[in-house]
Amino acid sequence: MIELRGVHKAFAGRPVLVDLDLRCDRGEVLFIIGTSGVGKSVTIKHLVGLLRVDAGEIWLDGRRIDALPERAFHAIRRRVAMVFQGATLFDSMTLAENVALPLRKHGRMRAAAALADARRRLDEVGLADFVDRYPAELSDGMRKRGAIARALTLDPEVVLFDEPTTGLDPINARRVDRLIRELADRRGVTAIVVSHDLASIFAIADRIAFLYQGGVRACGTPAEIRGSDDPVVQQFIQGRASGPMETPGF
Ligand SMILES: Nc1ncnc2c1ncn2[C@@H]1O[C@H](COP(=O)(O)OP(=O)(O)OP(=O)(O)O)[C@@H](O)[C@H]1O
Ligand SMILES: [Mg+2]
């Protein structure tokens, strides 16, 4: 469904992605993991044209998309939805209005029908009682779930989740996990999930791609990643402060 081939991306001469190869099959839940700043968000932003490759190819459903003009991405963004790392809702609209917006804009649905659909989707993420609140009146975790509901309104074929459970309590985090798994299992949605949440990673991933120094250092099922004999992978998944892994910053 999605393939990145030999992708290079640098910012101001500083390379972030270096010859990155990654594939995600239809209906698969692929997790992208790796230390902060390694390029996880950068990787998925390329899939909806928010960033452009310096070199390499990006394929969506058998079609090469990396060199398409901006207007072609409008159609792609209906099929490939993204839940951004910081929940992004419009402050001047209620939660239900936020979620109804894509339906009105792209689905050309009438206001009442769109709001009814929005309420149903907000119920799915446990926000039925908050549909008429404004984002400022919600907690971070609620806004995050609202952003997830909004990303799903146009029934996308692919959903890119950037840290969907970060900042959520364990119960709501597991609910989001279940929602992602059900999207894949019941609706055949392809999900790419950037996450630091080891509980969700090992609970719902079909495969895990571990990013390190610009490329995919290891990719496999949760069992394969757990059993990896790569000391860098082991240091990361065990969360050890010292080891062979080179991390910028500290
Ligand atoms: N638009 C941009 N302009 C310049 N540099 C950028 C831009 N976007 C990302 N970067 C840089 O690219 C690198 C990777 O960023 P990215 O956001 O992908 O990290 P990440 O793996 O998602 O980290 P985190 O886990 O903290 O979210 C960082 O060094 C960041 O500063
Ligand atoms: Mg990020």
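I began with Gln85, which comes out partly exposed at a relative accessible area of 38%; buried means under 20%, exposed over 50%, and partly exposed is in between, with a 1.4 Å probe and protein chains only. Before going on, I noted that this is a predicted model, where local features need pLDDT of at least 70 and side-chain atom pairs count only at pLDDT 80 or more, while totals for chains, interfaces and linings use all residues. My bookkeeping: residues are numbered from 1 along each chain as its sequence is written, chains are lettered from A and ligands numbered from 1 in the order written, and side-chain values use heavy atoms, without hydrogens and water.

**Entry: Gln85**

I placed Gln85 in the loop between E6 and H3. The element labels are DSSP runs numbered from the N terminus: helices (H or I) have at least four residues, strands (E) at least two. Skipping neighbours within four places in sequence, I found Gln85 in contact with Ser41, Lys144, Asp162 and Glu163, contact being heavy atoms within 4.5 Å. Two of its side-chain links are polar contacts: one of 3.1 Å to the side chain of Ser41 and one of 3.1 Å to the side chain of Glu163. By polar contact I mean a pair of N or O atoms within 3.5 Å; within protein, one must be able to donate a hydrogen and the other to accept it, and residues adjacent in sequence count only if both atoms are side-chain atoms.

**Entry: the magnesium ion**

Which protein atoms are donors to the magnesium ion (ligand 2)? I got Ser41 (OG) and Gln85 (OE1), at 2.1 to 2.4 Å. The pair sits 44 residues apart and links distant parts of the chain, with Ser41 in helix H1 (residues 40-45) and Gln85 in the loop between strand E6 (80-83) and helix H3 (95-105). Donors here are N, O and S atoms within 2.8 Å of the metal (3.2 Å for Na, K and Ca), and water is not among the atoms, so sites may look incomplete. Is Ser41 buried or exposed? Ser41 counts as buried, because its relative accessibility is 17%.

**Entry: ligand 1**

I listed 14 residues around ligand 1, and Arg14, Ser36, Gly37, Lys40 and Ser41 come nearest; a residue qualifies if one of its heavy atoms lies within 4 Å. H1 gives the largest share of this shell, three residues. I then checked oxygen atoms of ligand 1: one lies 2.7 Å from a polar side-chain atom of Lys40, and one is 2.9 Å from a polar backbone atom of Val42. Taken alone, ligand 1 exposes 630 Å², and the protein buries 64% of that (Shrake-Rupley areas, 1.4 Å probe; for residues, only the protein chains shown count as cover).

**Entry: positive phi**

I flagged Asp61, with a positive phi of about 50° although it is not a glycine. Asp61 lies in the loop between strand E4 (55-60) and strand E5 (63-64). Its side chain makes polar contacts with the side chains of Arg26 at 2.7 Å and Arg79 at 2.9 Å. Asp61 counts as partly exposed, because its relative accessible area is 35%. I also flagged Gln213, again not a glycine and with a positive phi of about 50°, in the loop between strand E9 (207-212) and strand E10 (215-220).
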